[in-house]
Amino acid sequence: MTTILYPTRGGQSSYKNQDRIIALAKEQEANLIFLYVSNVEFLGNVAGPAIVDVVENELNHMGEFLLAMAQERAAIAGWRADGVVRHGNFYEALSSIIKEYGVNILALGAPGQSHAVTTPKFLEQLMVSIANEFGIEVIVLRDGEIIERKSPATTDT
Amino acid sequence: MRPIKWISLIVFIFLVVLRVVLPWHSAAGAVDTGGTFLITGQLRDTQNQPVVAAEVSAVSEGEGEPLDEVESQEDGTWMLELETVPANLTVEIHRPHFETQVFPLSEDELTQLEETGILRVDATVMERKTSAGFWVATVVFIAILLLIAFEVLHSTSAALLGASAIFLVSALGTAFEPSLFIFNFERALTYINWEVIFLVMAMMIVIAVIEGTGIFQWTAFQAYRLSRGRSWLLVLILILVTAVASALLDNFTTMLLMTPISLEIGLALGINPLALIIPEVLASNIGGITTLIGTPTNILIGAYAGIGFNDFLVNQTVGILVALAALGGFVLWHYRKEWRRVSGGISPALYERLEENGRIRQPDALWKSGLVFLLTLAGFIVGERYHIVPAVPALIGATILLIWLKPDIHAMIKAVDWTTLVFFMALFMIVGAVQEVGMISLIAGWIGELVGTNLPLAIFVIVVGVGTLSTAIANIPLAASMLPVVQFLTATIPGAQTKVLYYALSMGAAMGGNGFLVGAEANLVTAGITAQAGTPISFKEFMKIGLPVTFITLIIGFLWLLVRFGG
């Protein structure tokens, strides 16, 4: 059975992409995993180490909540999804989940216009690395549409 | 009567008899100088401020060494002690960054000194001089502000760099050019306000215990329950709750812990979560002004000007409540479209998870730390009557928590943010350097000329001027460097002795942080957390609400201080 992994931060701007990936999973009768990766690097320059631990814990709770919302959207759409929360480096978290769950398709949200939390360059590098390292298909979504596909051998846009 | 009382009575009578029987050492009108001759005086600068640590020496022609040499005290006074009165005597006063003063004593003065044993000379006005050290200290100070503002370096590294540069120039530069001297290490240490360091450190320990209990998250969840899903009411409750939490703890921690659950609530309600979170961060920056411990700038101001917990509470609370009401009104108008959004309500599963995230996690630690915290607050309030500085109850409270709760002491020491404490120490030295070379006096003089003796104008300039500056400049260094300026204005403007200008500084420095996203650390960490949930706060979005709120609240703060202090 195909397993689709969709890392999300759960904001309102990701709802359309969540819905699209839920539809895709349902269409392919695939396992769907939502992944939330928290990172407290932004606190590095301003907060002491003790508060960083507390905030990391809070972000994990927040991640669980955001994934619960995504899972609820899947349930409403008539499909089941799992949620996994990790913290730390995004690429490492992604790699470990791909291996752990035997992921076949990785879906990534493209950076938005004004609310971008990643850059197109980062996304491009990530697609190439994942496709080459794990030999899985990577698709990119924007506003609920698949705008790019990348497999180890081919690239469709 | 017990023997001890008999002995006490006998000793007392003996002392009284001794005092009556023995003649006064000096004649009427003269002072007992113990066989030496005293010359006293006072040093003031052109702004009538005492000149501290000036070298005052008594020199007699023909003598190789000075007859005596002393340093002027905190109040600018000095006292030379001579064994004999020479035929000619000159008093010399040396102080880096001031013109050297030399004045020979007249024959009449020498005669008076010989006859009475003491000579009081008129207050000496020391003229400042613009030395090479002045420019070095000024450039270093501005460079440090820029490094911090543009985040080129961590604020602590920047402050240490500044302090090191000043010491390096003072120590090595003077070998080539003596006027490069700024101050030495001993003098630099006198500028560090240890009361601030210990108060901040103790409050860090107290907060570290409280922050893990879940009280912030519980409060936010209760706000949601109380509002029954009405987002407009929820935001008003959150504004109030955040302001109170920031006043009692600190706005940085408050926002770190309130933001995640507020974001969850906003998303679950189907509204833009920033409509809840941006008002919260604005309220946290305003609410902290109410108490001595609410903001680092208040801690600085309180320690410098001797303004206590009660003073802040009594003199700022009403103004801050009005400012919060104005914030609430503006927020309701600004986000009016969000409040009209109707969601289907939160599903039972999400509600359950929200409730889980909003529960008290360490009830035992909460009641214990809550009790100690209340006692510490009581210590702040009562301690003022007995001249106990706030750092003392805070240290006692922190110690009680460490002993009672027995947390991992290593974890607690880790909870103390040493980088912040080192930042404060280095910053005090840098501000001390610009104070030493006269840059602060110069600014004080300019502002003094601008406002004259007009107190309302001075309040306005401090509230709005500092508020505007702190939209872009880090408010801690800004407040630290403005303190001597405010001290000067307080001493020179009639009516300012109520310390109203210090309250103006407190309001300006904190409220100004609301102008832009980069204006306060609380703003930045809040944006960091919301970005983690795919809801970043853009500079423009923050400014659209932050800037109007800043100026509305600054004006309210100004008007309140006028009303309160009858400016």
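1. A crossing of two helices is called left-handed if the near helix is turned anticlockwise from the far one by less than a right angle, and right-handed if it is turned clockwise. The model discussed here is predicted. By that rule, the crossing of H6(B) and H16(B) is left-handed.

2. Helix H6 and helix H16 (residues 391-405) of chain B have axes that come within 8 Å and cross at roughly 35°. On the H6(B) side the contact is made by B:Glu195, B:Phe198, B:Leu199, B:Ala202, B:Met203, B:Ile205, B:Val206 and B:Val209. H16(B) contributes B:Ala391, B:Ala394, B:Leu395, B:Gly397, B:Ala398, B:Leu401, B:Leu402 and B:Leu405. Sorted by class, these are 14 nonpolar, 1 polar and 1 charged residues.

3. A second pair is formed by helix H7 (residues 215-227) and helix H9 (residues 251-269) of chain B, whose axes come within 8 Å and also cross at roughly 35°. The crossing of H7(B) and H9(B) is right-handed. H7(B) takes part through B:Phe216, B:Gln217, B:Ala220, B:Phe221 and B:Tyr224. From H9(B) come B:Thr254, B:Leu257, B:Met258, B:Ile261, B:Ser262 and B:Ile265. This contact has 8 nonpolar and 3 polar residues, and no charged ones.

4. On the chain as a whole: chain B has 24 helices and 8 strands. Its C-alpha trace spans about 100 × 70 × 50 Å along the principal axes. Of the 567 residues in chain B, 49% are buried. Among contacts between residues at least 6 apart in sequence, 76% join residues at least 24 apart.

5. The largest nonpolar core holds 204 residues. Those with the most contacts inside this core are B:Ala137, B:Ile286, B:Ile430, B:Ile459, B:Val463, B:Leu501 and B:Leu505. Helix H6 (residues 194-211) of chain B supplies the largest share of the core, 13 residues. A second, separate core has 18 residues, including B:Ile39, B:Trp78, B:Leu80 and B:Met126.

6. What surrounds B:Ile430, leaving aside its neighbours within four places in sequence? B:Ile430 is in contact with B:Val140, B:Phe141, B:Ile144, B:Ala159, B:Gly162, B:Ala163 and B:Ile166. B:Ile430 is also one of the residues with the most contacts inside the largest nonpolar core.

Conventions: Residues are numbered from 1 along each chain as its sequence is written. Chains are lettered from A and ligands numbered from 1 in the order in which they are written. This is a predicted model: local features need pLDDT of at least 70, side-chain atom pairs count only at pLDDT 80 or more; totals for chains, interfaces and linings use all residues. Helices (H or I, at least four residues) and strands (E, at least two) are DSSP runs, numbered from the N terminus. A residue is buried if 20 or more other C-beta atoms lie within 10 Å of its own, exposed if 12 or fewer, and partly exposed in between; C-beta atoms are placed from the backbone. Two residues are in contact if their C-beta atoms, placed from the backbone, lie within 7 Å. A nonpolar core is a set of buried Ala, Val, Leu, Ile, Met, Phe, Trp, Tyr and Cys residues joined through C-beta atoms within 7 Å. Axes are lines fitted to C-alpha atoms, for helices over the stretch in contact, and angles run from 0 to 180 degrees between N-to-C directions. Ala, Val, Leu, Ile, Met, Phe, Trp, Tyr, Cys and Pro count as nonpolar, Asp, Glu, Lys and Arg as charged, and the others, Gly among them, as polar.
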